[in-house]
Amino acid sequence: MLENKVAIVTGSGSGIGRAIALLYAAEGARVVVSDIDEKAGNDAVSEIKQNGGEAVFVKADTSNPEDGKRLVDETVKTFGGLHLAVNNAGIGGPLKQTGEYPVDGWDKVIAINLSGVFYGLRYQIPAMLKSGGGSIINIASILGKAGTKGSPAYVAAKHGVVGLTKAAALEYADQHIRINAVGPGYIVTPLLTESLDDDVLKALVGLHPIGRLGTGEEVAELALWLNSDKASFVTGAYYNIDGGYLAQ
Ligand code: NAP
């Protein structure tokens, strides 16, 4: 479905991003796996190559605008252009209520989860215009549409991602660049399982009418369709993939 496309997936050493990178490569895209975790990123590239796909690793911190620019420059140098991007890298951040939330934790979550998406768009869009157009997905969350207690920076950043997605989508809708947001419910990834204990994870299952948490592979299927030409009339949209969470 993605033959002749060049794709960047940030935070693709692990979790949702890794599942997207693997699926994009299996569907024929040449994939730039990017992450701050060099080992995880190189491991994802090896897995893609073992499966017969094409990929390279570029280490980049999404909260650093210079890294955002270098990531795009290296992609264009390696593969000759850029058509698809998934701005996926993100962190959970501290779990504290607003009145006790650490200020440095706030700054870090906003830098990675919101400014990081802006730095991605800032350099991906000019490269896509030069490549004749493209499609970008920003990974938000159900917490980009609804609030929750004890994670104010994450909720604010993800709501910001949804707003930024709409603003940028309007600007480039008539220039062959589609920009959409995806909002996963709770997905079983290291981000989730390494920060929450088993009791909390069980309670989270109860928030999903479908009766379980999601998988990175399920999110990747939506991200495949949305960044493919089959979604050619879709831009500025927010798609939740959440086992019914937001329907309540
Ligand atoms: P994950 O398994 O922790 O994977 C994220 C990857 O991004 C990790 O390899 C991480 O490296 C890397 N990363 C962290 N900070 C980075 C930075 N500044 N620059 C580049 N890479 C960075 O997380 P995930 O659960 O797949 O989450 C992916 C995205 O989905 C995030 O935006 C998250 O907010 C969103 N999301 C997740 C869920 C969920 O339930 N899992 C639900 C809704 C939305 P390190 O391991 O070294 O930190």
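Reader: Which helices and strands each supply at least two residues of the lining of the largest pocket?
Author: In this predicted model, they're helices H1 (15-26), H4 (103-130), H5 (152-172), H6 (190-193) and H7 (198-205), plus strand S2 (30-35). Helices (H or I, at least four residues) and strands (E, at least two) are DSSP runs numbered from the N terminus.

Reader: What counts as a pocket?
Author: On a 1 Å grid over the protein atoms alone, an open set of points where a 1.4 Å probe fits, with protein on both sides within 12 Å along at least five of seven lines; lining residues have an atom within 4 Å of a point.

Reader: Who's nearest the centre of the largest pocket?
Author: Gly90, Ile91, Gly92, Tyr154 and Leu191, out of 50 lining residues.

Reader: And where does the ligand sit?
Author: In that largest pocket, going by more than half of its atoms lying within 2 Å of the grid points. H1, H5 and H6 each give two or more residues to its shell, and H6 has the largest share, with three.

Reader: Which residues come nearest the ligand?
Author: Ser14, Asn88, Tyr154, Ile187 and Thr189, of 28 around it (a heavy atom within 4 Å).

Reader: What about backbone atoms, say Ile187?
Author: A polar backbone atom of Ile187 is 2.7 Å from a ligand oxygen. Ile16 has a backbone N or O atom 2.8 Å from a ligand oxygen, and for Thr62 a polar backbone atom is 3.0 Å from a ligand nitrogen.

Note on methods. Residues are numbered from 1 along each chain as its sequence is written. This is a predicted model: local features need pLDDT of at least 70, side-chain atom pairs count only at pLDDT 80 or more; totals for chains, interfaces and linings use all residues. Side-chain values use heavy atoms; hydrogens and water are left out. A polar contact is a pair of N or O atoms within 3.5 Å; within protein, one must be able to donate a hydrogen and the other to accept it, and residues adjacent in sequence count only if both atoms are side-chain atoms.
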